[in-house]
Amino acid sequence: MTSLFALVDCNNFYASCERAFNPTLNGKPIVVLSNNDGCVIARSGEAKALGIKMGAPYFEVRDLAEKEGVHVFSSNYEFYGDMSRRVALILQEYTPNLEIYSIDESFLDLGNFLHVDLEGYARGIWERVPRTTGIPVAVGVSSTKTLAKVANRLAKKSAKANGVLVLTDPAHIEAALKRTEVGDVWGVGRRYAKKLAQYGIYTAHDLTLKPDSFIKKHMTIVGLRTARELRGEPCIDLEMAPQPKQNICTSRSFGETLTELKDIEEALAAHTVRCATKLRKQQSCCSALTVFLETSRFALSYQMYFNNRTVQLESPTASELVLVPQALEALRAIFRQGFRYKKTGIIVSGIVPANQVQQSLFEPDHRQRDQELMQALDSLRSRYGHRSVFYGVQGTGGKWQMQNSHLSPCYTTRLEDLIRAK
DNA sequence: TCTGGGGTCCTAGGACCC
DNA sequence: TCTGGGGTCCTAGGACCC
């Protein structure tokens with residue numbers, strides 16, 4: 001075996017974050033809701049045991065939650081992001097070769113650690129992260145990222161593993177693959193699982209036995225890569241430096257149904273500002289933007305309407321002074337009177353590095369001035385909050401604002417405020 | 001009454017070119 | 001009956017991830 005990866009995955013991450021600063025929640029069922037308190041996106045073990053399903057609409061589980069005394073939280077991404085960074089800082093002490101894969105998962109490349117006591121190494125992480133951050137984790141180790149995922153999943157499920165599983169012995173790997181449903185493999189979703197079942201493939205082990213040609217035919221080369229990884233052949237590298245995004249999308253469902261263009265314009269202007277801010281943060285400009293507008297997918301008694309419009313920009317930009325008016329113009333072009341709208345958003349694409357943008361010959365020379373203004377705005381907003389400077393068109397009514405009636409206090413931000421005040 | 005918000009990659013097919 | 005043979009670029013759609 002030449003390669004070795006560890007996957008460290010935070011247990012019930014959002015629920016664990018809420019618990020980390022509020023020990024009275026230990027042992028209690030917790031759920032965290034999506035934006036607008038729409039559906040359940042995280043559950044503590046106790047909440048899972050009550051039968052509350054991932055992704056369930058909250059209105060369907062509310063009665064049960066109230067009856068069982070479930071602690072309910074609106075999602076607080078600023079807080080979870082802070083906690084995620086704290087966990088990553090600890091993991092960085094274990095290896096410089098760290099890939100922060102998502103808000104609650106990191107891969108560690110242990111390439112040359114074959115000679116060390118892997119069990120003890122993994123157990124060390126398992127013990128230290130919760131002690132320092134309050135967030136419990138599970139650790140899976142194996143020779144490919146996909147197998148490390150399998151190991152991690154079993155580490156969580158198996159009482160014997162107790163949060164840590166090292167899969168390096170071929171017999172252990174085979175046993176692990178036999179008890180892993182193919183749909184639970186990283187890269188194999190529900191659709192493929194259903195299709196594979198038609199061919200008698202039910203477990204990860206079944207998949208490894210199929211010829212490459214079969215897998216490629218039915219699951220493209222992406223699926224083939226997954227199968228090879230399950231066989232122990234590394235195909236997916238660690239990505240230590242996050243690639244700049246090729247598309248950036250900012251959208252929200254409205255807190256209530258909207259019918260007036262003006263209210264929707266306020267929402268879209270705010271989304272566009274946030275989107276442009278993300279664009280500048282990765283030092284990019286976009287060449288095109290797409291605005292979309294939708295009614296509810298669920299309100300079947302009302303007429304539905306979905307539309308979008310793409311605008312090619314004269315030259316790549318990250319300036320709100322260009323993007324906001326263009327987005328609003330696109331919105332006005334697709335807005336129709338008489339529908340009950342639920343969501344709008346913007347996607348920017350054709351993304352290029354900001355330092356490679358060439359100005360069009362015929363364009364008035366606003367670029368420099370815009371850039372300086374955007375820098376000033378970014379700095380003000382990062383210091384005083386994103387609502388400290390905004391455009392008139394964003395309005396102050398905020399009819400579109402999200403409903404989140406179960407928000408926890410922002411513990412980490414508050415902590416930093418206290419430190420700053422000292 | 002009430003159903004999230006981001007992203008990625010691959011493939012097929014059409015338009016168009018020589 | 002036969003109906004060239006490549007290329008490239010773009011887009012829509014389908015699959016996946018957290």
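This is a predicted model: local features need pLDDT of at least 70, side-chain atom pairs count only at pLDDT 80 or more; totals for chains, interfaces and linings use all residues.
I checked the two rings against each other: the centres are 6.1 Å apart and the planes sit at 75°, so Tyr305 and Tyr341 make an edge-to-face pair. Next I asked where each one lies. Tyr305 is in the loop between β10 (284-295) and β11 (306-317), while Tyr341 belongs to strand β12 (residues 341-349), so this pair ties together parts 36 residues apart in sequence.

**Other ring pairs.** I looked up the total and got 17 aromatic pairs in the structure. One of them is Tyr94 with Tyr121, edge-to-face, at 5.8 Å centre to centre and with 90° between the planes. Tyr94 comes from the loop between α4 (77-92) and β5 (98-102) and Tyr121 from helix α5 (residues 118-133), so parts 27 residues apart in sequence get tied together here.

**A cluster.** I also followed ring pairs that join up: they link Phe13, Tyr14, Phe21, Tyr77, Phe79, Tyr80 and Tyr411 into a cluster.

**Charges over rings.** Last, I went looking for Lys and Arg over aromatic faces. Arg123 lies over the face of Trp126, 4.6 Å from the ring centre. Lys145 has its charged end over the ring of Phe107, 4.7 Å from the centre.

Definitions and conventions: Residues are numbered from 1 along each chain as its sequence is written. Chains are lettered from A and ligands numbered from 1 in the order in which they are written. Side-chain values use heavy atoms; hydrogens and water are left out. Rings of Phe, Tyr and Trp (its six-membered ring) pair if their centres lie within 6.5 Å; planes under 30 degrees apart count as stacked, over 60 as edge-to-face and the rest as tilted. Helices (H or I, at least four residues) and strands (E, at least two) are DSSP runs, numbered from the N terminus. A charge sits over a ring if NZ of Lys or CZ of Arg is within 6 Å of the ring centre and within 35 degrees of the ring normal.
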